[in-house]
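Here is a short briefing on a two-chain model. Start with the contact, then turn to the helices and loops.

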Amino acid sequence: MTAGAGLVAEEVIASAAAPGPYRRLVRQFLRNPMAIAGLATLAVLVIFCFCGPLLYHTDQIHVHLSRENLVPGAGHPLGTDDVGHDILGRLMYGGQTSLEIGIAAGIVATVIGMLWGAVAGYAGGWLDALMMRVVDAGIAIPGLFLLMVAATIITPKVPVLIVIIGVCSWLVPARLVRAEAMSLRGREFVQAMIAIGGGRRRAIFRHILPNVVGTVVVNVTFQVADAILLVAYLSFLGLGVPLPGTDWGGMLSNGINYTYAGYWWMILPPGLAIVIVVCACNFIGDGLRDAFEVRLQNR
Amino acid sequence: MVTDHAVAPARDADAPFSSGVRVPPLAWFLIKRIAQSVVVIFFVTLIVFGLLHALPGGPARGILGQQANPVQIAAFNRAQGFDRPLPEQYWLYLDRLVHGNLGESYKLNQSVIGLIGQRLPRTVLLSGLSTAAALVLAVPLGVWQAVRRRRAPDYVITGGAFVAYATPSFFLGLLLILVFAEKLTLFPPQAPQATSLGGILGDPRALVLPVLTGTAATVAVFSRYVRSSVLDNLAEDYTRTARAKGVAERRVVAIHILRNSLTSVITMLGYYIPVVFSGAIVIESIFNYPGMGLLFWQSAQTSDYPIELGVVLVIAVATVVGSLLADLLQAAADPRVRGSIR
């Protein structure tokens, strides 16, 4: 009886000393000051854009020619733009679009890439070769060019932008996941499952995909950063969200018309917002990657 | 590419010998890699052809406008061959491509290949200058960061690289114009407007701001890459051997490590071509530089599809050829790469 109690106690101690893989991951991530800073910044920006308008009411739809191009001051902390929209309010309004498109497109791209890569890597042979040549062809055509061609064909509303940016940027995650799927296919637990008669679908969904989670999660954050930049570029090139909607890139490109007039408040806030959010996503991604690597090393 | 090195080559290891003829590994690598590139270019033409036919109402609607009546559209389609079955059109498209015919611009009344031939050298010149400047800066920076990793300079440069990467080039270009062209009046706000390459190079002051804009983000990416590559090489056995033999640390880094890292930098350059061209669209439109990027942007705004698709095709082929050359160079330099081809 005492031996049994001792065994239980030992198990308790062992489980306390060796926390689950995800808790270790979180702990490792929280040890990285840059990653924390990135996460905090992103959280603040999301709250600013989505909750800010509840406290700070501005009219972002109608044109108010009586208060155009106002210098920052009382009533308008960041001034107004060329049609009288309050810039601080517009920063929240445009930020919603930038963040929505960035995050959704990043996820769409990663999910497509993950499925494509897992199937190609697991299947191997000619199917893999064919699927990866499609990826090579897609990578050879820069996303910005495809997007510009697409934007001249379709009116770029938010859901449309999410889908086309997602469809234009799934190639890198596809390559990453394929490489991992190929090495996982040879591992004992997958081979054992095949030996006892498991099917292809089960192998991919139950064994390959759960094991590429690390790569995928890290990749999502980088994809989000790149998608936010892509939307900004599209808006700058005049192919972004149509008015009265806007995003940070659209605000910035609108401000460019007033560069020589010295209206800095129309350029700096959206520009800095883009830089900050992209940096934040990349910090989070780097932190996650380091955390996953440490976890793999400890295994 | 880089990730594929981890993939087990076991499946293909005996392939060169299966036919009974012994093919040297490098030649086998060459053959396979070139065949792959041909397949990729085939897919690229399929995508571009698909894009042309994805236009709602077909290209006729785009070029003739919303007011065009069905008779006009039918006439246009007949004249352009758009009324034939798709496979036949695709075949004709490929046939024209092989003969170097990318079609005629809808708006500029010139052949697409002629327009691209005029603009491409200018874009290559400007992007080449930015990329060269970025390499010259990034290699020493990356090496220095790796050698002094996790110390103040490494953190400062890393932070700078993150910010440079996150700054949209049009924002940076704008700030540069504001500060250096407007306030300090050191440099003109426009890129050189000369049509000849010599004329462009003859106006170095006007080149400074566009080149600088293109360099910033590229330095950020390259220096991160050099840093991690040097870090990887620092952990290699041959580095330990060199140190154990008593080779001075400076020499270990300058000769042993740098040489190995540079081969991977060359590969990255090959894969960097699409990024460079994307940057060219933005930089050329901010600084009004008459290159291929500006041509593409203007055609996108006037829905001049033959130019848009022609430019896409040229860039895609350049990318495929660039990555092919990069892989071949690396295979020649590093025997380990040859086994890793799929």
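How many residues does the contact take from chain A, and how many from chain B? It takes 38 residues from chain A and 42 residues from chain B. The model is predicted.

**The chain A side of the contact**
- Six helices of chain A each supply at least two residues to the side that touches chain B: H5 (125-140), H6 (143-153), H8 (171-185), H11 (213-236), H12 (248-256) and H13 (268-298).
- H5(A) gives the largest share, seven residues.
- By class, this side of chain A has 28 nonpolar, seven polar and three charged residues.

- Helix H3 of chain B covers residues 25-54. Its 30 residues should span 44 Å at 1.5 Å a residue, and its end C-alpha atoms are 43 Å apart, which agrees.
- Buried residues in H3(B) include Phe29(B), Phe43(B), Val44(B) and Leu52(B). Gln36(B) and Ser37(B) are also among them.
- Helix H14 of chain B covers residues 273-286.
- H14(B) is mostly covered, with 13 of its 14 residues buried.

**Positive phi in chain B loops**
- Thr185(B) is not a glycine, yet its phi is positive, about 45 degrees. Thr185(B) lies in the loop between H9 (169-183) and H10 (197-201) of chain B.
- Thr185(B) counts as exposed because it has 9 other C-beta atoms within 10 Å, and the cut-off for exposed is 12 or fewer.
- Asn288(B) sits in the loop between H14 and H15 (292-301) of chain B.
- Asn288(B) has 12 C-beta neighbours inside 10 Å, so it too counts as exposed.

Definitions and conventions:
Residues are numbered from 1 along each chain as its sequence is written. Chains are lettered from A and ligands numbered from 1 in the order in which they are written. This is a predicted model: local features need pLDDT of at least 70, side-chain atom pairs count only at pLDDT 80 or more; totals for chains, interfaces and linings use all residues. Two residues are in contact if their C-beta atoms, placed from the backbone, lie within 7 Å. Helices (H or I, at least four residues) and strands (E, at least two) are DSSP runs, numbered from the N terminus. Ala, Val, Leu, Ile, Met, Phe, Trp, Tyr, Cys and Pro count as nonpolar, Asp, Glu, Lys and Arg as charged, and the others, Gly among them, as polar. The expected span of a helix is 1.5 Å times one less than its number of residues. A residue is buried if 20 or more other C-beta atoms lie within 10 Å of its own, exposed if 12 or fewer, and partly exposed in between; C-beta atoms are placed from the backbone.
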